[in-house]
Amino acid sequence: MPRQTSRNSCGHRPAGWCRKKDGGDSRPCLPAAVITIRLTGIIVPALTLITIPLQSVTPEQLLKEADRCVKCGLCLPHCPTYRKLANEADSPRGRIALMQALASGELSPTPTLRLHLARCLNCRACETACPSGVSYGELIDAAHAMLQQSAGIKRPLRRALLNLLSERKLFGQTTRLLPLLSRAGVLRLIKKAPSKPLRQLADLASEMPVYQPPPSGLTPAVTAGGGSVQLFIGCISSQVDRPVIDATIRLLTHMGFAVNVPKQQVCCGALHRHNGFPQAADRLSKQNSGVFASPKPTALITLAEACHKELLEQTRSTPRLQTISAFLLNTPWPETFHFTPLKARVAVHRPCSASEDAPMTLLQRIPGLIPFLLPENTICCGGAGSYPLTQPALAQSLGEDKITLLKETKTDILVTSSTGCTLQFRSQIKRAGLDIEVLHPVELLTRQLDLNSKSDKLIFSL
Ligand code: SF4
Ligand code: SF4
C-alpha cells in the first residue's frame, strides 16, 4: 500500500508549509497556523530559563572539598574517560586539579579546560573508588556552575535545550511535531548535517515513540488491601518510558495499591544540577516536595535510577522514597500471581546511579529465565544525561564496548532502570544490527505475569 502523505487545504504537501492564494490575499493555511501556535508554545517556554539567575558558587567551598584529594591516583583505572583517552586531564585527579586552578584563579575558563570538564560523565565511579572520600560529584557540579557563571548569558541554547528536555509539557509538544518534521524531510536533512551532535539529535528524535499524554491522577486498586502509593514519573522518561509507567501502574494496582500520579510534579532537577544550574534544580526540588508532601507514610516510588538518586540527595534519604524494584522486592505479592516461563538470557545492566541489585533478584522469580549481571557494570555506557549529544564520539565508543559484551554473553534481552541508558542501548543495538530487546525490569515482570485473574488476593508472608 503506498504511504500516505498529509496534504493541507491547498493540496500542497507536506501539510502546513505553504500559503494559500485567496483572491488578491495571501494567508496561511490552517496547518501552518497550527504549527505556528505549537512552535510559539515551544519557543516561549524554552526561553524562560534564560531569565533564571545563577546561584553563586563559592570558590572557597570548592577548594575546601578538593583539598581532600591526596592525588593518589587510585581512582584513575575506574574512570571511563581516562581509560579511553589516557590523558591525566580526563581523569578524576586531573579534573580536580583543573577545578582547583579554576577556583583559585590560576586558570581561566578556556575552551580546553571546559572540554576536559565537559567530558566527565558524572558517573561517580571515582567517588566509589576514592579512599579519601572525596565528594567528586559535588565538585564537578560546582565547577559546572562556576563555568556557567563565567559564561553569563552566552549559552542560551544550552539553557533552552535543558528547559526543553526537562519540561514535560514542552517536551511533549515538541515530540508531537516530530512526525511533521519527519514528513517534511527536516530530520533527514539534519541527519546529513556536518555537526555530529545535531546528527545525534536527529537519530534520537527518530527513535522517539508517538506522543501520548502522561497519566495523572489516581488509578484505583484492582484488588483490596494494599493502600496507596505515589508515583514519580520524571520529565523525559514520562514520554520515552511510557510503557514502563503503564506496566508499573498495572502491576501495582493488581497488587492492591491505588496509584497516585500527581499532575503538578516536575523534573527532579538532575539535568540542571549536573549542567551548572543549581538554582533551577533547587526550584524544581522545592516544587516537588510540595507536590509529594503526604500526611500518611505512603511510599513514593521512582522508576528511573538517576531521578531516584537526585530525589534521594535532595531529601537526605527518606524511607518513603523507593525505587520500583526495591518496593516490589520488599512487598508481599498476591499468591495468585503466576509467571509464564521464559527461556531467555537476560543481561541486567546496573546504571551508574543505582545502588542496589533488586532487579536481578526479582527477575530470578521468572521460571526458565537466565538473568546475569552484565560484565563491567561499573563502567558507564555513555548514555549519561545529555552526554550522547554533547560528547557523541566518546558516548559512541563507550556504547560500542557494551555491544561487544552483549555479543560475548549471547544476550537475548537487556534490562536497565535508566532512561538515558535505555536510549543509549537501543540506539547502539540498532546501529550494530542486533536483535536484543531493551526493557525496564518492571516491563519484563509484568509481561510474564498473568494479571487477568479475578481472584487476586494478598498474602502477607512470603
Ligand atoms: S579523588 Fe580520591 S582516589 Fe582520586 S586521586 Fe584524589 S584522593 Fe586519590
Ligand atoms: S565522574 Fe566518572 S567520568 Fe567523571 S571523573 Fe569520575 S569516573 Fe571519570
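A residue is taken as near a molecule or strand if its C-beta atom, placed from the backbone, lies within 6 Å of it. The structure is a predicted model, so local features need pLDDT of at least 70 and side-chain atom pairs count only at pLDDT 80 or more, while totals for chains, interfaces and linings use all residues. Residues are numbered from 1 along each chain as its sequence is written, and chains are lettered from A and ligands numbered from 1 in the order in which they are written.

Now for ligand 1, with 15 residues around it, of which C69, C72, C75, R93 and C130 come nearest. Two or more residues of the shell around ligand 1 come from α4 and from α6. The largest share, 3 residues, is supplied by α4. Sorted by type, the shell around ligand 1 has 11 nonpolar, 2 polar and 2 charged residues.

Helix α4 also has a helical partner. Helix α2 (residues 59–66) packs with α4 at an angle of about 150°, and their axes are 9 Å apart. Axes are lines fitted to C-alpha atoms, for helices over the stretch in contact, and angles run from 0 to 180 degrees between N-to-C directions. The two helices, α2 and α4, are therefore roughly antiparallel to each other (angles over 145 degrees count as roughly antiparallel, under 35 as roughly parallel, 65 to 115 as roughly perpendicular and the rest as oblique).

Next come the sheets, where two strands pair if DSSP finds at least two bridges between them. One open sheet has 5 strands in the order β3-β5-β4-β6-β7, and its pairing is mixed. Its edges are β3 (217–219) and β7 (321–323), each with a single partner strand, so one side of each is left without a neighbour in the sheet. From one strand to the next, the twist in this sheet averages 30°. Strand β6 (residues 300–302) runs parallel to β7 and is joined to it by 3 bridges, with T302 opposite T323 in β7.

The other open sheet described here has 4 strands in the order β9-β8-β10-β11, with parallel pairing. Here β9 and β11 (437–439) are the edge strands, each pairing on one side only. The twist averages 25° from one strand to the next. Strand β8 (residues 344–348) and strand β9 (residues 369–373) run parallel and are joined by 5 bridges, and V346 stands opposite P371 in β9. Strand β8 also pairs in the parallel sense with strand β10 (residues 413–415), over 3 bridges. V348 has bridge partners in both strands: L373 in β9 and V415 in β10.

Technical notes. Ala, Val, Leu, Ile, Met, Phe, Trp, Tyr, Cys and Pro count as nonpolar, Asp, Glu, Lys and Arg as charged, and the others, Gly among them, as polar.
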